[in-house]
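Got a model open and wondering where its labels come from? Let's go through them one at a time.

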Amino acid sequence: MRIEAIGRHPACIESLARWHHQEWGALYDDWTLDVATAELADHATRTSVPTTLLLMDGEDLLGSVSLLVEDAPALQDRGGPWLGSLFVRPEARGRGAGRLLVDAAVAHAAREDVQVLRLFTLWHEQFYASLGWQAEERTSLHGTPVVIMSIRPADRVAHTGVLSDAVWTTHD
Ligand SMILES: CC(C)(COP(=O)(O)OP(=O)(O)OC[C@H]1O[C@@H](n2cnc3c(N)ncnc32)[C@H](O)[C@@H]1OP(=O)(O)O)[C@@H](O)C(=O)NCCC(=O)NCCS
């Protein structure tokens, strides 16, 4: 399994956008499949924030995670950047892919000199807490309770030794 920049696999954009839209479309107003696709196509043009990392097994896409300037507009004033759109395809879950993607995104944020990275989650507070994230605030989004969590990427990298590596080039 390898973490790679989405720009190396443009053919994955369409299916990834479909997965993301199915999973979170209802949470965001006006976030159509076309918008989700355009965002990922934009992420494929750079490796700095905002961008998306893929977890690949050979040519198979297992999952992805994004680093975003802004996630939910209602939480924009909390400060970014944000880790968002963590997704592992159902048949690949439960084998550590989610952990790998989160730590890879944190390592990449450290390389980008991000001082504090945030996320919000509805269901997965314990999962992120086990990866070094701390709960910062409990609030609600469209009436749904969410927890905002944060991490200092440089501290996490010092703890795990996971570094963002050379696959981070947009083109071969
Ligand atoms: C959440 C998700 C990314 C986890 O991916 P995964 O590949 O199954 O995660 P991992 O195998 O790395 O799991 C790591 C650990 O977290 C645990 N875990 C996974 N989901 C969890 C949850 N919802 N709550 C608590 N623990 C969880 C696993 O049991 C595992 O624990 P272990 O290491 O002690 O065995 C995946 O279930 C998914 O894509 N879900 C749909 C999208 C989603 O909800 N994304 C998160 C948005 S905040």
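This is a predicted model: local features need pLDDT of at least 70, side-chain atom pairs count only at pLDDT 80 or more; totals for chains, interfaces and linings use all residues.

Q: What makes β6 and β7 a pair of strands?

A: Two strands pair if DSSP finds at least two bridges between them. Strand β6 (residues 134–141) and strand β7 (residues 144–151) are joined by seven bridges, so they pass the cut-off of at least two. The two strands run antiparallel. Leu141 is bridged to Thr144 of β7. Two residues sit between the strands of this hairpin, and His142 has a positive phi there, near 50 degrees.

Q: How do you know that β5 and β7 pair, and in which sense?

A: Five bridges link β5 with β7, in the antiparallel sense. The cut-off is at least two bridges, so this counts as a pair. Phe120, for one, has Ile148 in β7 as its bridge partner.

Q: Which residues of α3 and α5 meet?

A: From α3 come Asp103, Val106, Ala107, Ala109 and Ala110. They meet Pro153, Ala154, Arg156, Val157 and Thr160 of α5. Sorted by class, that contact holds seven nonpolar residues, one polar and two charged.

Q: What makes α1 oblique to α2?

A: Here the packing angle is about 130 degrees, between helix α1 (residues 13–24) and α2, with axes 9 Å apart. That makes α1 oblique to α2. The cut-off for roughly antiparallel is over 145 degrees. As for handedness, α1 and α2 cross in the right-handed way.

Q: Which residues of α1 and α2 meet, and how do they split by class?

A: On the α1 side there are Ile13, Glu14, Leu16, Ala17, Arg18, His20 and His21. On the α2 side there are Leu33, Ala36, Thr37, Leu40 and Ala41. By class, the contact comes to seven nonpolar, three polar and two charged residues.

Q: Why is the phi of Asp113 worth a remark?

A: Most residues other than glycine have a negative phi. Asp113 has a positive one, near 65 degrees. Asp113 belongs to the loop between α3 and β5 (117–121).

Q: How many residues surround the ligand, and which are the closest?

A: There are 16 residues around the ligand, and the closest are Arg93, Ala97, Gly98, Arg99 and Thr121. At least two residues of the shell come from each of β4 (82–88), α3 and α4 (125–129). By class, the shell has six nonpolar, six polar and four charged residues.

Methods:
Residues are numbered from 1 along each chain as its sequence is written. Two residues are in contact if their C-beta atoms, placed from the backbone, lie within 7 Å. Helices (H or I, at least four residues) and strands (E, at least two) are DSSP runs, numbered from the N terminus. Ala, Val, Leu, Ile, Met, Phe, Trp, Tyr, Cys and Pro count as nonpolar, Asp, Glu, Lys and Arg as charged, and the others, Gly among them, as polar. A residue is near a molecule or strand if its C-beta atom, placed from the backbone, lies within 6 Å of it. Axes are lines fitted to C-alpha atoms, for helices over the stretch in contact, and angles run from 0 to 180 degrees between N-to-C directions. Angles under 35 degrees count as roughly parallel, over 145 as roughly antiparallel, 65 to 115 as roughly perpendicular and the rest as oblique. A crossing is left-handed if the near helix is turned anticlockwise from the far one by less than a right angle, and right-handed if clockwise.
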